[in-house]
Structures are given as C-alpha cells and as structure tokens.
Amino acid sequence: MPELPEVETVLRTLEKQLKGQQIEQVKMFYSKILDNIDENYFIVHLPGQHFVNFERRGKYLLFVLDDYVLVVHLRMEGKFYVYPKDYDQKDKHTHVIFYLNNMQLHYNDVRKFGRFYLYKKGMPIECINKLGYEPFDENLTGCYLKKYNRHNHQKIKTQLLDQEMIAGIGNIYADEICFQAQINPLRQARFISGEKYDQLINACRLILKEAIKQGGTTIRSYTSSLGVTGLFQLSLKVHNRENENCYKCGNKIIREKVNGRSTYYCPYCQKNTAIKIAVTGSIGSGKSTVMEYLKNNGYKTVNCDEINRQLLSEEDIQLEISKICGCPFDKKVLIREIFGDTLIGKQVQTYLHQMIYQRLEKWLKDNENEQVVFAEVPLLFEYDWDYFFDYNVAVITDKDKLYERLKENRQMNEEEITERLNKQLPAEIKKERADFVIENNDRSIDLEKKVQKMLKNII
C-alpha cells in the first residue's frame with residue numbers, strides 16, 4: 001500500500017500536470033469505488049470544475065476543485081495515469097476516466113480497493129476527520145504520544161500504523177522509523193518515555209523527508225505510474241532484510257509477525273531494555289513503603305533521596321556547593337537556603353538535580369538488562385522528570401491522613417507540614433499525570449495488595 005511519501009510523490013506529480021485543467025466529462029466503469037455519493041451525482045457535478053489546488057492528508061489525496069473537494073485513497077493498488085486527449089484505449093482495470101480540456105486522467109485499480117469521496121467546499125471532510133497529526137505537525141510531540149498511549153497495551157509497531165495517532169505511516173516506514181530511533185518494535189506503546197517518543201518523532205520526520213526526496217519506495221507493485229520511480233528502497237536499513245547483516249552492528253536482521261504484519265528489526269541495535277518506572281508521591285504518602293515492598297520482592301530499586309545524601313557526603317560535591325554559596329559547606333545552612341527559596345538555594349538545587357540525574361542515568365544503564373526497574377523520585381512531576389521514565393506511578397494519600405501521619409511518625413507540626421506540602425504539586429495534578437495511581441489511605445496490608453495489582457498490570 002502506498003504510504004505518505006508515495007502519496008506525496010503522486011500528488012506533486014499530478015499537480016504539475018493537472019493544475020488549472022478543466023474537467024469536461026467523467027466516465028465511471030466501476031461505481032463501487034464511490035463511497036459517499038452515487039454515480040449519477042459524480043458524473044453530473046464534476047464537469048466544468050477546474051483542478052485548483054492539491055493537498056494531502058495522511059494517505060489521502062485531496063484535489064481541490066472550484067466547488068468541491070475530491071478525496072482519493074489509493075489503498076493497495078490504486079494508480080493514476082495521464083494520457084493525451086485523443087487517447088482511445090482503456091485498460092480492463094481502469095475504473096474512472098476524467099476527460100480534461102487537453103488530456104485524460106485514468107484511475108486504474110487491479111484489486112478495486114481504492115475509494116473516491118466528493119464533498120462540497122466548506123463542508124466537513126468526514127473521511128479524514130479521525131486522522132491523527134501529520135508527522136511534520138509541530139503539535140506532534142513526545143509528551144502528546146506518551147499521553148495518547150498511556151494505557152495502550154499494543155506494541156509500538158502496531159501503534160505506528162494507527163492512522164488516528166499519526167497519519168500516513170505504513171508497514172515499511174514503521175520498521176525504518178523504529179530502527180532509526182533504536183526502539184524495539186515489540187515494546188508496548190505505554191512503556192515508552194516522552195523522551196524516547198521525541199526521538200521516534202525525529203526519526204519519523206527524518207525517514208519520511210528523505211523518502212519523499214527519493215520519490216518513495218518501489219516495493220511490490222508501487223510506482224508513481226506517472227514517470228516517477230521511488231528509490232528509497234535502496235536506503236532501507238531493516239525492512240525486507242531478514243537474515244542480512246545490520247549495517248550498523250553486523251548482527252542478523254530478524255523478522256517477526258506483529259498483528260499479522262511482517263516486522264523487521266535488529267535485536268542488538270533495538271534491544272528491548274528494562275522498563276524504567278518512577279514512583280512518586282507527597283511526603284508521608286507511603287511511596288517509600290511501596291519501594292521497600294518492591295525491593296523485598298526482588299526488584300531492582302533506587303532512591304533519589306539516597307543518591308542526594310550520598311552526593312552531599314562527597315568532598316568534590318561539597319566543594320562545588322561551597323563555590324555556589326560563597327562560603328564553607330554547611331548542611332544546616334544549605335537546608336535553610338533551599339527551603340527558604342533563596343536564589344542561592346535554587347542554584348544549589350539545580351546543580352544537585354543535575355548530579356542526581358547523572359547518577360540515576362548510570363544506575364538505569366547498569367540495570368538495563370532487567371525486565372523492570374523502579375526509581376523513587378519525590379519531585380518527579382515538579383521537575384518534569386516523568387518525561388524521562390517509561391512509566392510513572394503516583395502514591396496518593398488524602399490530605400487529612402497525610403497530616404495525621406506526619407505529626408505522628410515524623411513529629412512535624414502543622415506549619416512545617418503545610419510548608420513542605422506547598423512546595424509539591426497537589427495530589428489532583430499528580431493523579432492526572434501519572435500512568436498508574438495507588439491510593440494509600442488504608443492499612444499496610446491493603447497497600448501491599450494495591451502494589452501487587454500494579455505489578456500485575458505492568459508485568
């Protein structure tokens with residue numbers, strides 16, 4: 001099936017030949033390709049119309065006429081041919097002929113899967129209203145795709161073929177995009193970070209831009225049929241290369257079926273690494289209890305607060321903080337500066353967060369062969385670190401319960417609790433941004449059951 005680059009090639013080639021041409025007559029030989037109108041309306045209302053503009057939406061061709069928009073989906077085998085005005089032959093698979101003022105336009109379709117739609121200008125074009133963003137749309141971001149796939153158990157290869165997510169990608173380019181982004185096509189779409197989705201989008205744009213430049217990919221039956229042959233098949237890195245050596249690492253390309261579609265990838269360059277899960281929550285919410293349960297059950301865990309404590313014990317880190325503060329390192333003064341929201345305190349926080357992230361990143365890399373790893377990140381959403389994790393879990397506790405716990409377990413007074421909580425996002429926002437929420441207002445045994453439920457949902 002022609003994908004976005006092939007459809008774009010067909011459209012721009014037709015634009016050069018048809019723009020300004022007037023339709024004088026239409027002959028229809030197979031009316032079932034008409035989707036939203038009948039044959040009589042089609043052949044009666046198109047004569048007299050000019051080809052004014054040429055647009056594409058996903059895999060749909062949009063021919064803007066004087067009063068109408070003619071929409072065509074080529075599907076598997078649809079092709080257009082341009083012939084001289086006095087051409088007197090008709091192929092057995094030609095289903096529509098447009099007689100123009102100085103040429104003929106034939107629509108040919110061996111399998112008869114293509115579809116034509118006709119809409120009056122200004123009316124909603126219903127056949128494309130469910131399409132997702134175009135790959136080059138600035139509104140298509142990693143954060144958008146992360147949210148779109150938050151609860152999606154489908155593999156990312158399948159989701160790339162979902163025209164409601166991104167319009168125009170088909171099987172060939174989905175394989176090439178995953179390879180370029182170094183994403184395993186078998187990974188579930190919900191377990192890809194916003195950061196990795198941004199890499200996927202960049203790969204998508206790079207691959208499609210180059211494919212358009214080369215006229216698309218001529219595989220199986222596709223050719224523009226208008227004197228243009230695609231050359232991008234010469235640039236394919238994985239698609240149709242089963243058992244051939246990967247150009248990057250030398251390992252063998254493998255092929256697997258994903259929802260009935262042949263999927264090609266390099267198991268080394270596109271290794272399916274550990275699912276990186278962040279656990280967050282307000283002070284006193286019980287996130288540390290959740291992490292302790294996970295650790296006791298054999299899961300690899302890391303705590304950002306512990307990383308921070310380790311950093312503050314290291315001489316070179318203390319020296320850097322002293323330079324920022326302009327005085328000898330003093331932990332009590334440092335805490336006062338940070339919680340007092342002073343300029344120096346914010347500078348120190350920025351430095352420490354950079355160092356924490358470096359240590360965290362190294363830990364995640366060291367444990368990438370695990371199936372899943374967990375990181376306790378208290379200010380996950382406050383500092384937008386959820387962008388870097390594949391999956392985010394928020395432990396939420398009612399405000400009254402939080403105050404009760406903190407007064408009893410940490411001997412904090414109400415003023416101290418309020419000051420700490422005011423520096424963190426409200427529970428409602430954390431709920432909205434989290435991929436999974438654990439409500440912790442009950443006994444510890446109930447919390448364990450909820451963690452088990454979370455694990456069952458993930459693994």
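Reply: Happy to! One term first: buried means under 20% relative accessible area, exposed over 50%, and partly exposed in between, with a 1.4 Å probe and protein chains only. Helices (H or I, at least four residues) and strands (E, at least two) are DSSP runs, numbered from the N terminus. This is a predicted model, where local features need pLDDT of at least 70, side-chain atom pairs count only at pLDDT 80 or more, and totals for chains, interfaces and linings use all residues. Residues are numbered from 1 along each chain as its sequence is written, and side-chain values use heavy atoms, with hydrogens and water left out.

Me: Which residues of helix 9 are exposed on its other side?
Reply: Start with the buried set of helix 9 (residues 315-325), which is Ile317, Ile321 and Ser322. They cover an arc of only 140 degrees around the axis (taken from the directions from the helix axis to the C-beta atoms), so they sit on the same side of helix 9. On the other side of helix 9, the exposed residues are Glu315 and Lys323.

Me: Why do the buried residues of helix 7 line one face of the helix?
Reply: In helix 7 (residues 287-296), the buried residues are Lys287, Val290, Met291, Tyr293 and Leu294. An α-helix has 3.6 residues a turn, so residues three or four places apart point the same way. Seen down the axis, the buried residues of helix 7 line one face because they fall within an arc of 160 degrees.

Me: Which strands and which helix do those buried residues of helix 7 pack against?
Reply: On the other side of helix 7, Lys295 and Asn296 are exposed, so to speak of packing we turn to the buried residues. Using contact (heavy atoms within 4.5 Å), their partners are strand 11 (275-281), strand 12 (300-303), strand 13 (372-376), strand 14 (391-396) and helix 15 (444-458).

Me: Is Asn440 buried or exposed?
Reply: Asn440 belongs to the loop between strand 15 (436-439) and helix 15. Leaving out residues up to four places away in sequence, Asn440 touches Ser285, Gly286, Val395, Ile396, Thr397, Arg405 and Leu447. Its relative accessible area is 7%, so Asn440 is buried.

Me: What is the phi of Gln182?
Reply: Gln182 lies in the loop between helix 5 (171-181) and helix 6. With 35% relative accessibility, Gln182 counts as partly exposed. Although Gln182 is a residue other than glycine, its phi is positive, near 60 degrees.

Me: And what is the relative accessible area of Asn243?
Reply: Asn243 is not a glycine either, yet it has a positive phi of about 70 degrees. Its place is the loop between helix 6 and strand 9 (254-258). Asn243 is exposed, and its relative accessible area is 52%.
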